[in-house]
Amino acid sequence: MNTKMIYLLVAIFAAAGCAGSKSPDPAEGPEKNGSPPKEAVLEKDPETKVSSASKTGSLYRQDRSSLFGANKASRPGDILTVTISEQASAEKDAGTSTSRSSSNSLGVSSLFGYEERLAEKYANLDPSSLLSTNTENSFDGSGNTSRQESLSATLTTRVTGIDEGGNLEIQGSKTVRVNHENQIIRLSGVVRPYDITENNTIDSENILDAKIEYLGDGVVSEKQRPGWMVRVLDVIWPF
């Protein structure tokens, strides 16, 4: 076989290989080429969807706090921890003392001559001292009242709104059940953002219009209350 024949066979095999591996035509679209578009894959497979933050490669998200600042509650829905430490005491002492004394006398020396007739009829009658009264009244009263309260707890609340001055409105509750007895703590109020510490906590003494409720619901609480009949009698009993 000569050299020209070998070159001819190589050219024929090369042409056949190019015809079998036809490149896809861009005008025919990705569906005709046998591979679905990337958009269709993302819609069919939710796991392949990524957030805008992941697409950009940034660690900062606009719906989060500052990347370098403290993570403090500042918007509705944020969480804020309240340290409840309430100490209250009151004492009052009052005393009252009053007295009153009076003396009255009445006599008629002349009454159109009727005093003589009365003297004739009543021998022991003295017209100059017909009436004599003497009264005395005294009152002495005293009272004393004393009350002391203490409450210490930690409660996590949620920011429910922001008022016109930029203060945060918070509200939260906690229920602890021990031996069929529920201990319930509720708190609501208004706090200033700069009173919140770096640890995202605030003391209860810095809460405006604070409403703190500590309730019990269960067997122990029921035993501490009088029966319903006793309560009815306390309302209607007049004495």
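Confidence in the protein chain is lowest in helix α2 (residues 38-44), with a mean pLDDT of 44, and highest in β5, with a mean of 94. Here pLDDT is the predictor's confidence in each residue, on a scale from 0 to 100. Residues 38-54 have a pLDDT below 50, and this stretch makes eight contacts in the model beyond near neighbours in sequence. A contact means heavy atoms within 4.5 Å. Across the protein chain the mean pLDDT is 75, and 64% of residues reach 70 or more. The model is predicted: local features need a pLDDT of at least 70, side-chain atom pairs count only at pLDDT 80 or more, and totals for chains, interfaces and linings use all residues. Residues are numbered from 1 along each chain as its sequence is written, and side-chain values use heavy atoms, with hydrogens and water left out.

The protein chain contains six helices and six strands. Both are DSSP runs numbered from the N terminus: helices are H or I of at least four residues, strands are E of at least two. Along the sequence the pattern reads α-α-α-β-α-β-β-β-β-β-α-α. Of the 239 residues in the protein chain, 14% are buried. Buried means under 20% relative accessible area, exposed means over 50%, and partly exposed lies in between (1.4 Å probe, protein chains only). The protein chain exposes about 19900 Å², of which carbon and sulfur atoms supply 52%. Accessible areas come from the Shrake-Rupley method with a 1.4 Å probe; for residues, only the protein chains shown count as cover. Among contacts between residues at least 6 apart in sequence, 61% join residues at least 24 apart.

Strand β4 pairs with two others. It runs antiparallel to β3 over eleven bridges and antiparallel to β6 over nine bridges. Two strands pair if DSSP finds at least two bridges between them. In the second, L187 is bridged to I212 of β6. Strand β4 is mostly covered, with eight of its eleven residues buried. In a regular strand the side chains alternate between the two faces of the sheet.

The β3 and β4 strands form a hairpin with two residues between them. N179 lies in this loop. Its phi is positive, at about 55°, although N179 is not a glycine. N179 counts as exposed because its relative accessibility is 70%. N200 sits in the loop between β4 and β5. It counts as buried because its relative accessibility is 14%. Most residues other than glycine have a negative phi.

The largest nonpolar core has 16 residues. Such a core is a set of buried Ala, Val, Leu, Ile, Met, Phe, Trp, Tyr and Cys residues joined through side-chain atoms within 4.5 Å. Those with the most contacts inside this core are L80, V82, I84, I170, L187, V191 and I207. Two or more residues come from each of β1 (79-106), β2 (131-162), β3 (168-178) and β4 (181-191). Strand β2 gives the most, with four residues. Beyond its neighbours within four places in sequence, L187 contacts V82, I84, L155, T157, I170, Q171, G172, I207, K211 and I212.

S204 lies in the loop between β5 (201-203) and β6 (208-218). S204 counts as buried because its relative accessible area is 4%. Residues up to four places away aside, S204 touches V82, T83, I84, S85, E86 and I212. The C-alpha atoms of S204 and V82 are separated by 6.3 Å, although the two residues are 122 apart along the chain.

Two salt bridges are counted. The rule requires a side-chain nitrogen of Lys or Arg within 4 Å of a carboxyl oxygen of Asp or Glu. In one, the side chains of E198 and K72 meet at 3.8 Å, N to O. This pair links distant parts of the chain, 126 residues apart: E198 is in the loop between β4 and β5, and K72 is in the loop between α3 (52-56) and β1. E198 is exposed, at 57% relative accessibility, whereas K72 is partly exposed, at 25%. In the other, D195 pairs with R192, with the closest N and O atoms 2.7 Å apart. D195 is buried, at 17% relative accessibility, and R192 is partly exposed, at 38%. Side chains of opposite charge can pair when their charged atoms come close.
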